[in-house]
Amino acid sequence: MNKLIERITQTREVFTVVFMFVLFLGTGIVNPGFLAPDNILLCLNGSVIYILLAIGISFVITTGDIDVSIGATLGLTAAVCATMIRDGSSLLAASATALLIGAIIGLINGLGVTKLRIPAIIMTLGVNGVVRGSIYVYTEGKWVENLPAAFKRYGQITLAGFVNLFLLVTVLIVIGVYLYIKKANKGKYLAAIGDNMCGATLIGIPVDRTRILAFILCGIFAAFAGIIFASKIGFVTPTAGNGYEMKAIAACVLGGVSLTGGVGSVIGAMFGAIIMSSISRILVFLQFSSNWDNTITGILLIIIVVADALIQKHLKEKARRERLAARDLFVAEKTCEEVGGVFQ
Amino acid sequence: MGSNKKDEVKIPAISIKRISKSFASNVVLREINLHVFEGDVVALIGGNGAGKSTLMKILMGIYQPDAGEIFMSGKRVSLSSPSAALAQGIYLVPQEPMLFPNMTVEENIVLGFKEKRSQLHERLKALIENLGWDLKLDRKAESLSIAEQQLVEILRGLLRNSRILILDEPTSALTFHEIESLFRIVTDLHKNGISIFYITHRLTEVFDIATRVVILRDGQITMEGAVEEFNQEMLIQGLLPANYESAVKKERECTDVECSGVKPLLDIKNFSGYGFSDINLEVYPGEILGMAGVVGSGRTEFAVTVFGKDIVKSGKVFLGGEDITGKKCSCIIEKGLNYVPEDRHLNGIYSISDVEANITSGVLGNLNKFFVDRKKVNELTDQYINNFRIKVTGRDQAIGSLSGGNQQKVVLGKTLAANPKVVILDEPTRGIDAGARGDVYRIINELRAQGVAILLISSDIEEVVELSDRVVTMYQGRINHTFKGESITVDNLMAASFGVYKKEVTA
């Protein structure tokens, strides 16, 4: 039993991929139409926004923090980007502005959490409110519509006839980030901080700076998702991105990124995001109402987090007992010569 | 080791000059001066709160000193952060290894370096080979034993070319064989000219590996010198309180409760759990049984296990003849045993509630029919505020705003409001001022007079001597000695707590 638990904790991504295949195959058995190549492609293309959000937030979660403001960040950056393009700005200028806004929101989150020592959930929840409110102020509560066709067409560009441009770019980003984290000297800083913050301080890792960087990256990825959102959907409402943070967090957790920090990879987060974004489609194919989508996401999130917490607690307790037992063994071995000698 | 005569010729590897440090009004270090040369193994000894860890944390750049300077190889250095200390070649191996459990051994060691991974890998392999250690680099850190984790910590320090290693109680969680290999490593490092600070509670180890001894007490160095100049008695002397005279043992009426035919209220038989083994003790009504021992000797683990908060491995606990082994806390409290925890901030108080709510929180169940009986609550609160001389502005003052001593009195009040027959007090006067300490002692003595059986756990040996009728000392998870009457002296208890007590030959 213990072996099994260890095995699962060590190969979290594998577990996620297997879960994805089981889920897709299961749906395919009930309704073979689900496994049609076109449908699978739709699932993958539809997951791009969630994948980007999940990668971004995985940085923050890996350091042991959380960011619930990414849904609002996506909404604001999508609105700004769409408005600028509608009003004739170049794609480059609009994208750069959006990414900058994302970075600034991340910076504010990071400073609040590290310098003002506000718990991440509270800080980002507050920022979430502020940013969501500023969307309404910025758009005056109206939809941003009538985007140029050229901008909306980016979402339809395909390579080799079937690979969507956004999907390709996203997968390349995932691979790039994965390799950086795996190979670069500083790649493991995020995980180190989430794993053992005191230990990270002791070996000279700039803990606060790295945590702020994680929030900034998270904001930038949310902004990137916002740009793609505007292009794919073609219009932006003031509620755009509402609730996406739960899906992104659930995607990370499902992909093996531990909410306690230190564990997980962007590859896992990507597969988690694919599963999460496919749930509504799966529900349709299983002839359930897709209104269940959020409910199921929430339930999955809770189940996985509870299971994860139980495993972590079990491992921690085991380590503590081993430590105390080692102390005991020491005495047993030494009893004859030391304690015995004293009594003579 | 003939390299010790160098004081005039060589420049110390590290010089600590007039370092002082206070936390709020609490002075932890007073003008510490210390010089350590290449290859020195300095055993740093001192009781709890003597300032060892604070001094080491200053060297590591975790704390900043209030005054004083640090020189390395003659040059003044500023250790403003851990990374600055690392850059100066100082590395602290903490008592609990600070590894990243989810990373491999290699990742743990090379994290934080600027060199190329491949270069680091080669250097690391060469280093391990050089040391002759057997350590697989691709293992996950969480699968390592504590000893192996310590090896990883030491490797981290060595790979950084650290010249000064600080080992904080490295043997406290090791088995006998692991300690042997650790000693071999320390000897190797010593031969390679690396200076080592070795913090320990085990005095026997000092003579095994140290070349110099430094004893800290109340933030000052009380003794210092080459290890050859010391013996165990001298170490104990250096640890004893400042104005302590050997013969001050207060007179007390003979309360030989053991022989009077009274049954013990708390009777513990062959009790084993995580962190302690084979504990046998009895506490009689109207008796204070002291339990002395250094931090990490298993006292608190023992107490919380008796109190039902951890798993019992074997043995029995009888409360007034009734078996309460392995019962739940709430049930044990109801049967008349209560525990005042070591860390009141963590476990003892509801810090944002008022004094009244805190005192009565343990007995709400008895005070109510359905609604809380205000009158009784007020009476009870006033009774404790007056009896314990708790300094408050009113029953409704928030407990967080009280001083440490008054907080502790409230915690005691809460415990005693439940009218326990047996009380376990874990470090009841830690961090409180002298006046409040006197009050707490008075409360404890009153309880004793009322016939409550008290188990007093404390690392403050003077406190144990002053209050206890009998004393057991705990050493590495076991009771190693029992003291009665005149044999309860600070000397004896100190020696026994450090595991070096030798029974005097009684003439």
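How many residues does the largest nonpolar core have, and which have the most contacts inside it? This is a predicted model, in which local features need pLDDT of at least 70 and side-chain atom pairs count only at pLDDT 80 or more, while totals for chains, interfaces and linings use all residues. Residues are numbered from 1 along each chain as its sequence is written, and chains are lettered from A and ligands numbered from 1 in the order in which they are written.

**View 1. The largest nonpolar core has 231 residues.** Leu53(A), Ala54(A), Tyr198(B) and Leu493(B) have the most contacts inside this core. Such a core is a set of buried Ala, Val, Leu, Ile, Met, Phe, Trp, Tyr and Cys residues joined through C-beta atoms within 7 Å; buried means that 20 or more other C-beta atoms lie within 10 Å of the residue's own, with C-beta atoms placed from the backbone.

**View 2. Leu53(A) and its contacts.** Among the residues that Leu53(A) touches are Ile70(A), Phe221(A) and Tyr244(A), not counting residues up to four places away in sequence. Contact requires C-beta atoms, placed from the backbone, within 7 Å.

**View 3. An open sheet of six strands in chain B.** The strand order is 6-7-8-3-9-10, with mixed pairing. Strands are DSSP runs (E, at least two residues), numbered from the N terminus, and two of them pair if DSSP finds at least two bridges between them. Strand 6 (90–93) and strand 10 (220–226) of chain B stand at the edges, each with a single partner strand, so one side of each lacks a neighbour in the sheet.

**View 4. Strand 6 beside strand 7 in chain B.** These strands run parallel, and four bridges join strand 6 to strand 7 (residues 164–168). Val93(B) stands opposite Leu167(B) of strand 7.

Conventions: Buried ≥ 20, exposed ≤ 12 C-beta atoms within 10 Å, placed from the backbone. Contact = placed C-beta atoms within 7 Å.
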